[in-house]
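Visitor: Hi! Could you walk me through this protein?

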Amino acid sequence: MSPLPVILMVDDDEMHLIIAQRAIARADLPAEVRAAGNGSEALRQLGLDPGATGPAPAIAVMLLDIGLPDMSGWEVLKRVRECTRLRLLPVVVVSSSDRREDVRRGYELGANSYLVKRHEPGRPGGYLADAARYWVELNIAAGVAD
């Protein structure tokens, strides 16, 4: 049995993380959800910080907020795209900003998708579960297609 794909959620809003984790669980998505509350923790989990030991886990998709307390999500995305081993990692920017310049910047830095945070009373976090499902179940990863 192969290990579950990992979804790395990077956001400093603990309630947002809880809602997303619950939505993914409700969707019966076969994945392990890991959380990072800041950019440094995300880089550590990706094996990109100087103190990283051993190989980083295989991440199926990273859901990345841009407003993080220690470094911006933009900087995290830039570091991910500079790393040869992670350059194909799907990154979905999840932000409260719908400003055109933020959306454009996300794609220019290499994001695969850009989602605006929203409130869904009947299905809290459903859009996040849908996005995660696409990358975990529906999308054929580059490494698999080769």
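Guide: The accessible surface of the protein comes to about 8,000 Å², and 52% of that belongs to carbon and sulfur atoms. Accessible areas come from the Shrake-Rupley method with a 1.4 Å probe; for residues, only the protein chains shown count as cover.

Visitor: What sort of model is it?
Guide: This is a predicted model, where local features need pLDDT of at least 70, side-chain atom pairs count only at pLDDT 80 or more, and totals for chains, interfaces and linings use all residues. Residues are numbered from 1 along each chain as its sequence is written, and side-chain values use heavy atoms, with hydrogens and water left out.

Visitor: How many helices and strands does the protein have?
Guide: Six helices and five strands. Those are DSSP runs numbered from the N terminus: helices are H or I with at least four residues, strands are E with at least two.

Visitor: And in what order do the elements run?
Guide: From the N terminus on, they go β-α-β-α-β-α-β-α-β-α-α.

Visitor: New topic: is Asp-102 buried or exposed?
Guide: Asp-102 is buried, at 11% relative accessible area. Buried means under 20%, exposed over 50%, and partly exposed in between (1.4 Å probe, protein chains only).

Visitor: Where does Asp-102 lie, and what is it in contact with?
Guide: Asp-102 lies in helix H4, residues 100–108. Leaving aside neighbours within four places in sequence, Asp-102 is in contact (heavy atoms within 4.5 Å) with Ile-66, Trp-74, Ser-97 and Tyr-114.

Visitor: How much of the protein is buried?
Guide: Buried residues make up 42% of the 146 residues.
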